[in-house]
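Work through the exercises below with the sequence and the model open. Try each task before reading its solution.

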Amino acid sequence: MKKYLLAIIVVALSATGTMAQSLQLLGKNHAMQRIEVNSRYLLLPVQEREDIASVKVMVNNQEVKSLNIRLAVDKIDFYVPLEIKKITDKVGSNKVLLDIFFHGDRRYTGAMKDFICWKEMKQSDTFDTTNREAFRPAYHHTPAYGWMNDPNGMFYKDGVYHLYYQWNPYGSMWENMTWGHSTSRDLIHWEAQPTAIEPDALGTIFSGSAVVDKPNDRVVAFYTSAGEKSQVQSMAISKDNGKTFEKYDGNPVLVSTEEDFRDPKAFWNPELQKWNLILAVGQEMHIYSSSNLKDWTFESSFGKGYGCHDGVWECPDLVKLQVRGTDKQKWMLICNINPGGPYGGSATQYFIGDFDGHKFTCDHKDTRWMDYGKDHYAAVTFDNAPDGRHIILAWMSNWQYANQVPTKQFRSANSIPRDLDLFEYNGNIYCGVTPSKELLTLRDKVVKNVPRTGEIVVDTKGSCEVVLSNHLGEQVVMKYDAAAKTFSMDRTRSYASFSEAFPCVTTAPVYGNMKQMRIFLDNSSIEVFDAEGRMAMTNLVFPTEPYNKISVKGAKATIYNFKK
């Protein structure tokens with residue numbers, strides 16, 4: 001399903017060459033490695049259970065890059081590439097000094113001179129991104145390698161969807177936040193692109209957004225620069241449709257004395273004839289306006305007395321949506337929170353109300369969740385989506401165990417794309433979440449056996465139960481209770497030895513009678529929707545062997561295999 005077309009050429013690691021190097025030990029935890037660069041990449045060996053090592057890359061006595069990496073001590077889990085020749089070509093020298101400080105306790109890891117990383121560090125003109133993970137999704141977006149969390153800067157332009165994401169290029173745990181980049185023409189098949197925005201003197205690159213500035217034919221990205229002691233908002237401009245960005249020389253464009261000040265989401269407001277920007281500040285959302293995308297005026301804040309406040313508010317969005325079957329439109333403010341989710345850890349809440357370009361006014365006091373699974377977070381929409389659509393993607397994981405899920409080459413995927421709207425039920429307005437129409441193109445043949453990747457359409461006449469299982473007795477149980485108007489998913493018997501927080505039963509309200517449910521299966525996830533978009537639930541699963549049996553009670557199931 002997925003293509004990885006990084007500027008990295010895909011071949012085996014056996015093609016790596018030797019390198020001239022000299023190791024100097026400066027103490028129990030400090031070393032320097034001299035390298036004569038003769039290849040495109042320096043392949044760094046990683047051992048996940050080790051502590052972080054801080055690495056400064058120096059050329060001509062100047063620090064040109066810094067990163068944190070779990071360098072291998074006695075076992076190599078995988079390699080990651082440092083594009084070292086690109087660095088040296090900029091300064092006209094092929095001599096590099098790596099200044100490395102290990103933060104681990106030598107009593108447990110042994111003498112630094114014996115670390116395996118010194119012997120196995122290699123140079124190569126190629127890097128192998130061939131998938132080696134049984135749990136890597138087939139039709140969900142994932143990074144070619146490394147850690148991924150929040151989707152960032154999503155926009156649509158000239159027939160192409162752009163997805164940037166929080167990325168660690170040097171390991172499969174959270175660190176070194178950078179904007180990775182992927183593109184798609186159909187929201188299903190994604191192609192990996194070169195790194196978009198890298199850390200600088202202001203800090204690492206946290207979450208943010210991008211807008212299509214049509215009058216100036218450019219794309220403008222906003223992101224949080226996360227320094228050691230503060231978080232500020234920065235801007236970068238692309239004149240080649242999002243392939244490359246040039247950082248604004250007037251950064252930062254927004255600052256605050258607040259400790260948690262991040263995740264700017266900008267959008268054009270035609271009613272105001274200005275740009276608006278909403279960002280997370282502690283447990284509030286702050287709203288700004290601007291005429292030029294550079295100078296921002298504070299308008300108002302929202303949050304006190306509304307929704308869940310059991311964690312930090314993050315990754316906001318503010319969109320105007322149509323109410324089904326009416327001529328009404330309402331605004332929806334999206335607020336991702338961690339912790340505080342209905343079943344522990346991170347989740348996405350939302351608020352329905354009115355927005356005049358200056359202030360958001362909420363219509364309700366109750367807490368409402370966009371998705372009642374445990375693995376739906378950092379959900380934000382694409383800017384400039386076609387046909388007036390509001391398409392949203394989420395990070396498909398949970399901070400309680402995201403660093404521990406049983407993969408290594410990569411960690412984390414995005415949810416399937418979903419279209420948002422609003423619907424009325426018993427006098428209240430709720431968020432509607434429907435799988436995007438592009439997913440219908442994946443359907444292949446109707447089959448009898450449960451596929452590893454596919455969709456199960458369940459037609460109900462009342463309460464029903466669907467059980468997916470394998471020969472080892474592992475299972476996931478899904479139940480619709482028509483009387484209680486609830487849907488639940490029990491994954492307590494799915495493989496979960498990596499985290500005590502993983503086993504759970506998640507339950508969602510269903511607004512009205514659910515006549516049909518759609519169940520999307522991938523190698524490590526199950527996403528369930530009321531076909532009319534009135535319920536969504538996203539949960540990861542890691543069965544020791546794929547689920548290959550299905551039991552259905554009280555309903556009829558049609559199983560579609562997905563195209564390869």
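**Exercise 1. Is Glu-50 buried or exposed, and what is its relative accessible area?**

Solution. Glu-50 is buried, at a relative accessible area of 5%. Buried means under 20% relative accessible area, exposed over 50%, and partly exposed in between (1.4 Å probe, protein chains only).

Some ground rules before going on. This is a predicted model, where local features need pLDDT of at least 70 and side-chain atom pairs count only at pLDDT 80 or more, while totals for chains, interfaces and linings use all residues. Residues are numbered from 1 along each chain as its sequence is written, and side-chain values use heavy atoms, with hydrogens and water left out.

Glu-50 sits in the loop between β3 and β4. Strands (E, at least two residues) and helices (H or I, at least four) are DSSP runs, numbered from the N terminus.

Last, list the partners. Beyond four places in sequence, Glu-50 is in contact (heavy atoms within 4.5 Å) with Arg-70, Leu-71, Val-73 and Thr-109.

**Exercise 2. Which residues of helix α1 are buried?**

Solution. Start with the helix, residues 84-91: Ile-84, Ile-87 and Thr-88 are buried. They lie on the same side of α1 because their arc around the axis is only 90°. That arc is taken from the directions from the helix axis to the C-beta atoms. The general rule: an α-helix has 3.6 residues a turn, so residues three or four places apart point the same way.

Now turn the helix over. Asp-89 and Lys-90 are exposed, on the face turned away from the buried side. The buried residues of α1 pack against β3 (41-46), β4 (53-59), β5 (62-69), β6 (78-82) and β7 (95-102). Just after α1, Gly-92 has a positive phi of about 75°.

**Exercise 3. Where is Leu-277 found?**

Solution. Leu-277 belongs to strand β18 (residues 274-281). Leu-277 is buried, with a relative accessible area of 1%. Leaving aside neighbours within four places in sequence, its contacts include Phe-222, Leu-254, His-286 and Trp-296. Compare Phe-127: Leu-277 is 150 residues from it in sequence and 39 Å from it in space, C-alpha to C-alpha.
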